[in-house]
Amino acid sequence: MGISDTRTAARPTRRTLALAASALLFLGSAALAAEGSAGSFPARPVKLIVPFPPGGGTDILARPLAQRLGEYWGQPVVIENRGGAGGNLGAAATAKSAPDGYTLLFTPVITLAANQALYKSAGYDAVRDFAAVTMLVSTPNILAVPASLPAKTAAEFLEYVRAQPGQLNFASPGNGTPPHLAMEILERMADVKITHVPYKGTGPAVTDLIAGRVQAMMVNAPVALPYIKSGQLRGLATTSAKRPSSAADLPTLDESGLKGYEADTWYGLFTPTGTPKPVVDKLNADVVRALNSPDIKKLYAEQGAEVVGDSPESASARVRADVIKWRDVINDIGLRVD
């Protein structure tokens, strides 16, 4: 009898069950909201993928930003150099990562955009597979030659090439990289032919350029300027529309006679599509804050990089525009990378 009475008293009422169900729904909703919230982000180390080897222009620009973000967040920002296939390996790895903001891609926008046309299958879609955080900086390439080369200006260099058709070589960090495409455009605009020698990264390419084993290279400004200042390389012209403050003594290729030439390298920060908007917005706010801090801005300016720091929406629009721009250029050139 006593047992029977206890069971009757403990039986839950419909009201109790309804309240319990409501509480569970509330807790579930709160948990889901917390997952998409940026309030505690980042709660663990963040991986920053640089899709090129150490020592190149992308790597040089990524490191001070990674350090500053680590200071802001109290979490390490670990750079992972994942080079190969003109940046495709690192970009594809990012696209396939969890969309939570803990894997970021620091890359030239041209790499994402141009590779869509250069490769039969890049392993990702530049527009569909990435959420843009911000455009970071814009840097010119510098047409550089060994100090031993007789040409002192871009015009003299082109005459030197014309006098030796098919006998000179230019280096690049790899097929389809921004320096490669910048030189391809120069060849066509100037109506000259220089044999392309692709390397596995900027470092070994510049080493051979200094030694004179290749005769020219479009070198990203952050890499080129120290060698130009030391006298190991000679800068002939920049690929920018106007002279950067860090290389004001160098004319642009447009000023050098190639009217309308422009092939700056834009760098952007990306995370996989599906990353919660609050996380993307927090990333944007913290990265833009870092870019505009006086010391980082000065450091980038010294390396020829102009800080951008725009919105995710503006950065996404830039990617879409560049996919179209570089597709048209590549198709016109007839360039393909197998």
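Me: Which residue in strand 3 is the bridge partner of lysine 47?
Reply: The bridge partner of lysine 47 in strand 3 is threonine 103. Please keep in mind that the model is predicted.

Me: How many bridges join strand 1 to strand 3, and which way do the two run?
Reply: Strand 1 and strand 3 (residues 103-108) run parallel, and three bridges join them.

Me: Back to threonine 103: is it buried or exposed?
Reply: Threonine 103 is buried, because its relative accessible area is 9% and the cut-off for a buried residue is under 20%.

Me: What is threonine 103 in contact with, leaving aside its neighbours within four places in sequence?
Reply: With those neighbours left aside, threonine 103 is in contact with Lys47, Ile49, Thr94, Ser97, Phe270, Thr271 and Pro272.

Me: Which strand does strand 1 pair with in the parallel sense over five bridges?
Reply: That partner is strand 2 (residues 77-81). Within this pair, valine 46 stands opposite valine 77.

Me: What unit do strand 1, helix 3 and strand 2 make?
Reply: Strand 1, helix 3 (residues 57-73) and strand 2 make a β-α-β unit, and the unit is right-handed.

Me: Why is strand 1 said to be largely enclosed?
Reply: Strand 1 (residues 46-50) has five residues, and four of them are buried, so the rest of the structure largely encloses the strand.

Me: What is the order of strands in the open sheet of six?
Reply: The order is 2-1-3-10-4-11, and the pairing is mixed.

Me: Which strands stand at the edges?
Reply: Strand 2 and strand 11 (306-307) stand there. Each has a single partner strand, so one side of each is left without a neighbour in the sheet.

Me: How do strand 3 and strand 10 run, parallel or antiparallel?
Reply: Strand 3 and strand 10 run antiparallel, joined by four bridges. Threonine 107, for its part, stands opposite glycine 268 in strand 10.

Me: And where do side chains point in a strand?
Reply: In a regular strand, they alternate between the two faces of the sheet.

Me: New topic: how many residues of helix 5 are buried?
Reply: Nine of the ten residues of helix 5 (residues 109-118) are buried, and the helix is mostly covered. Among the buried ones are Val109, Ile110, Leu112 and Asn115.

Me: What about pockets? What volume does the largest one have?
Reply: The largest pocket has a volume of about 310 Å³. Its lining has 21 residues, and those closest to the centre are Ser138, Ser240, Ala241, Glu262 and Asp264.

Me: Which element supplies the largest share of the lining of the largest pocket?
Reply: Helix 12 supplies the largest share, with four residues. Strand 4 (130-139), strand 10 (265-272) and helix 12 (312-333) each contribute at least two residues to that lining.

Me: How many cavities of 30 Å³ or more does a search of the whole structure find?
Reply: The search finds one cavity of 30 Å³ or more. The largest cavity holds about 170 Å³ of space. It is lined by 19 residues, and the closest to its centre are Gly57, Thr58, Pro173, Pro179 and Thr202.

Me: Which elements give two or more residues to the lining of the largest cavity?
Reply: These are helix 3, helix 7, helix 8 (202-211), strand 8 (216-220) and strand 10. Strand 8 gives the most, with three residues.

Me: Which strand pairs with strand 5, and in what sense?
Reply: Strand 5 (residues 141-146) pairs with strand 9 in the antiparallel sense, over five bridges. In this pair, alanine 144 stands opposite glycine 235.

Me: Why is strand 9 largely enclosed?
Reply: Six of the six residues of strand 9 (residues 233-238) are buried, so the strand is largely enclosed by the rest of the structure.

Me: Last one: how many helices and strands are in the protein chain?
Reply: The protein chain has twelve helices and eleven strands. Of its 338 residues, 51% are buried.

Technical notes:
Residues are numbered from 1 along each chain as its sequence is written. This is a predicted model: local features need pLDDT of at least 70, side-chain atom pairs count only at pLDDT 80 or more; totals for chains, interfaces and linings use all residues. Side-chain values use heavy atoms; hydrogens and water are left out. Buried means under 20% relative accessible area, exposed over 50%, partly exposed in between (1.4 Å probe, protein chains only). Two strands pair if DSSP finds at least two bridges between them. A crossover is right-handed if, with the strands pointing away from the viewer, the path from the first strand over the helix to the second runs clockwise. On a 1 Å grid over the protein atoms alone, a cavity is a set of points where a 1.4 Å probe fits but cannot get out, and a pocket is an open set with protein on both sides within 12 Å along at least five of seven lines; lining residues have an atom within 4 Å of a point. Grid points are joined across faces, edges and corners, and a volume is the space filled by probe spheres set on the points. Contact means heavy atoms within 4.5 Å.
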